[in-house]
Amino acid sequence: MNIEIKNLTKVYPLGKKKALDGVNITIDKGIFGLIGRNGAGKTTLMRILATIMQATEGEIYFDGKELNANKEAFRTSLGYLPQSTKLMPALNIVEFLDYVCIMKGIKDKNERRERITAAIETVGLVGEEKKLLRAYSGGMLRRAGIAQVLIGDPQVLIIDEPTTGLDPEERLYFLNLLSKIARERTIIFSTHITADIEHLCQDICVLEKGQVKYLGKKGEFISRIEGKLWEHNGTPEDEELLRNKSVVTSVAYVNGAPCVRYVSDAPILLGSTAITATLEDAYIYALGGVKR
Ligand SMILES: Nc1ncnc2c1ncn2[C@@H]1O[C@H](COP(=O)(O)OP(=O)(O)OP(=O)(O)O)[C@@H](O)[C@H]1O
Ligand SMILES: [Mg+2]
């Protein structure tokens, strides 16, 4: 499914500044990574895409059809997993998914059973059917949330910061799960961790203060600073100078001595060495450099 977001702006009734400010994005099949720091506008964009909130200005087209004029039709092909979900703690996964099926109007008992079994298998919760959801770990709950969304067999999945709070193992499991279910679907997922999109998506959007800072291929994003990234081990005075004369993408202190990574057409200080750019460097560069 092709999604086109045109000139989207959102001003909250109580907010003075624009949570989204003239956002233009095109999304095709596969996994699309939306990255931005706290308050960038990720959740706002996702809620508008999921049709649970109205934009102040702008339009969204799904396969050429305008979203607001076809809301009901789109809701059936959309699955949305909010940033914080409260699943029903007193139910087990089967009871919970059965409830979801019933809410979706699936009346046939056998069909419900089939869908539930398939969803539980896909998200790897086989063997955990008897446990109440209140006893599930953060990672298991996130997977149960995906199972809930998959029940309706959506073409588009909108998933808001799914990896926050997961341990490394669960996080990797979850990311692999996303790439598995993305084979036949479009997944839009948001994060503030560059490592999440490092291996998962080719198409990315960097959002900052409601505006698109970058939209395109991940490789091109990194190549923007290729050949311009330097590392310098030096003194705090060197760090100060580099912060003033270039865009610093990271500072690591080793025994109190700063190791500075910075972007500049040419090395600024003697002893700086050329280094290979990472997604993290490109991201921090796009945001204007690392904070003090
Ligand atoms: N209901 C609301 N009323 C007023 N302002 C809001 C509301 N919800 C969000 N905002 C503001 O809109 C901006 C974007 O918020 P949003 O939640 O979309 O960001 P985000 O990228 O999802 O952040 P996070 O990474 O913290 O989840 C922020 O400045 C936020 O304070
Ligand atoms: Mg958010």
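In the predicted model, the loop between β12 (247-254) and β13 (257-263) contains Asn255. The phi angle of Asn255 is near 50°, a positive value in a residue other than glycine. Asn255 counts as exposed, because 4 other C-beta atoms lie within 10 Å.

Glu161 is placed in the loop between β7 (156-159) and α6. In contrast to Asn255, which is exposed, Glu161 is buried, with 20 other C-beta atoms within 10 Å. That count meets the threshold for burial, since a residue is classed as buried if 20 or more other C-beta atoms lie within 10 Å of its own.

Glu161 is also one of the residues in contact with Ser190. Ser190 belongs to strand β8 (residues 186-191) and counts as buried because it has 27 C-beta neighbours inside 10 Å. When neighbours within four places in sequence are left aside, the contacts of Ser190 are Leu34, Lys42, Met46, Asp160 and Glu161. Ala257 lies 67 residues from Ser190 along the chain, and the C-alpha atoms of the two residues are separated by 35 Å.

The packing of two helices was examined next. Helix α5 (residues 138-150) packs with helix α6 (residues 168-181) at an angle of about 15°, and the axes of the two helices are 10 Å apart. This angle makes α5 roughly parallel to α6, because angles under 35 degrees count as roughly parallel. The crossing of the two helices, α5 and α6, is right-handed. On the α5 side, the contact is made by Gly139, Arg142, Arg143, Ile146 and Leu150; α6 contributes Glu170, Tyr173, Phe174, Leu177 and Ile181. By class, the contact of α5 with α6 consists of 6 nonpolar, 1 polar and 3 charged residues.

Helix α6 also includes Pro168. This proline, Pro168, counts as exposed, because it has 9 C-beta neighbours inside 10 Å. In sequence, Pro168 and Arg37 are 131 residues apart, while the C-alpha to C-alpha distance between them in space is 20 Å.

Helix α10 (residues 279-286) is largely enclosed by the rest of the structure, because 6 of its 8 residues are buried. The buried residues of α10 are Leu279, Asp281, Ala282, Tyr283, Ile284 and Tyr285. Just after α10, a positive phi of about 95° is found at Gly288.

At the level of the whole protein, the secondary structure comprises 10 helices and 14 strands. Of the 292 residues in the protein, 36% are buried. Taken along the principal axes, the C-alpha atoms fill a box of roughly 75 × 45 × 35 Å. Among contacts between residues at least 6 apart in sequence, 69% join residues at least 24 apart.

Notes:
Residues are numbered from 1 along each chain as its sequence is written. Chains are lettered from A and ligands numbered from 1 in the order in which they are written. This is a predicted model: local features need pLDDT of at least 70, side-chain atom pairs count only at pLDDT 80 or more; totals for chains, interfaces and linings use all residues. Axes are lines fitted to C-alpha atoms, for helices over the stretch in contact, and angles run from 0 to 180 degrees between N-to-C directions. Helices (H or I, at least four residues) and strands (E, at least two) are DSSP runs, numbered from the N terminus. Angles under 35 degrees count as roughly parallel, over 145 as roughly antiparallel, 65 to 115 as roughly perpendicular and the rest as oblique. A crossing is left-handed if the near helix is turned anticlockwise from the far one by less than a right angle, and right-handed if clockwise. Two residues are in contact if their C-beta atoms, placed from the backbone, lie within 7 Å. Ala, Val, Leu, Ile, Met, Phe, Trp, Tyr, Cys and Pro count as nonpolar, Asp, Glu, Lys and Arg as charged, and the others, Gly among them, as polar. A residue is buried if 20 or more other C-beta atoms lie within 10 Å of its own, exposed if 12 or fewer, and partly exposed in between; C-beta atoms are placed from the backbone.
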